[in-house]
Amino acid sequence: MGKNNAPRALTQSKQTRRKWLTFVRMCRYGVNNFSRNAWLTVAATAVMTITLLIIFMTLVARQVLVDTVDAIKAKTDMSIYVQTTTPSDAASQIQDKIAKLPGVKRVRYVSPDQARSDFADQNKGDAQTLEALNEATNKFPGTFRVNIVDINDPSQLDRFVKNDDLYKQYADPNRQPSFSGERRSAIQNIGIAIQFAQNAGLLASAIFIIISSLIIFNTIRMAIFNRREEIQMMKLIGADRSFIRGPFVVEAVVYGFIAAVIATGLGVAILYAVKDSLDSYQIAISNTIHIVTQYMPFLLLAMIFVGAAIGVVSSLLATRKYLKL
């Protein structure tokens, strides 16, 4: 039994060693191809770098857009008004009821006295306005400022103002809630614009990834065309299909590795370069920079993986199509 297994084990060992040597040779040929044609190497690496940089910036732009949208949503609140004479305990009860509604993130009550004080602070440089304010009776309403999860759907607040008896008892008859009438249309337009921006960002990401893949595909095709005589010779001497295809795959992986390192460095440098300018326009970029910095090793690995994946897929498709393998 032992004597019969020994030749089989020896044969398997030789096959494993042969496969390993073939793999090492494919890697060596791929690396040699990478360094043999300088102009093609530089061009392919540059294209791959641009591709990965576009993907990096697209994902970063989407994250910045999401953060900016969240910041806008946080600042866009709904206003519900009650009469100036509303007792504070009634206002507290109404505030508690609103806070318990589904979809309400937070609610803040601005009393008539606080509203008057805020108005005075805003106009502290206008002596005539302040004088008129001091002589007039306080007519400012009590205001509930409500922040909801989805600014496109204030239906819960709408039902509350129509059906809640306590609120209807103290509701200001001269002021409609901000989500009613013309104000509701304005808020809905903000929500529609935000949703459109998010969808546009996703669509742009998909388009750029497709374009980038096509660019890499054509780059590998150029490499195959440049080495067509060498490939024909390998076919004539009976080289295995995987052995002919392998160096192109390895070469594409090397492109992806080097391009990923360069693209990640350029992307991070661009983020820091535009930070102050975007902050001045109240575009939320700080959180994105924090995420990129904190998870830099994982980000670099992900970029290398994406670059290698694009290279492998593109090279396999190109070799199948133009090498007839």
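**Salt bridges and burial**

Reply: R175 is called partly exposed because its relative accessibility is 33%, and that class lies between the cut-offs of 20% and 50%. Please note that the model is a predicted one.

Me: Why does D172 count as buried?

Reply: The relative accessibility of D172 is 8%. Buried means under 20%, so D172 counts as buried.

Me: What makes the contact of D172 and R175 a salt bridge?

Reply: Their side chains meet with N and O 2.8 Å apart. The definition asks for a Lys or Arg side-chain nitrogen within 4 Å of an Asp or Glu carboxyl oxygen, so the label applies.

Me: How do you know that D158 and K162 form a salt bridge, and is each one buried or exposed?

Reply: Their closest N and O atoms are 3.4 Å apart, and the limit is 4 Å. Both residues lie in helix α6, 4 residues apart, about one turn of the helix. D158, at 15%, is buried, whereas K162, at 53%, is exposed, since the cut-off for exposed is over 50%.

Me: What is the separation of K275 and D279 in helix α10?

Reply: K275 and D279 are 4 residues apart, about one helical turn. Their closest N and O atoms are 2.9 Å apart, in a salt bridge.

Me: How many salt bridges are found in the whole structure?

Reply: The search finds 4.

Notes: Residues are numbered from 1 along each chain as its sequence is written. This is a predicted model: local features need pLDDT of at least 70, side-chain atom pairs count only at pLDDT 80 or more; totals for chains, interfaces and linings use all residues. Side-chain values use heavy atoms; hydrogens and water are left out. Helices (H or I, at least four residues) and strands (E, at least two) are DSSP runs, numbered from the N terminus. Buried means under 20% relative accessible area, exposed over 50%, partly exposed in between (1.4 Å probe, protein chains only).
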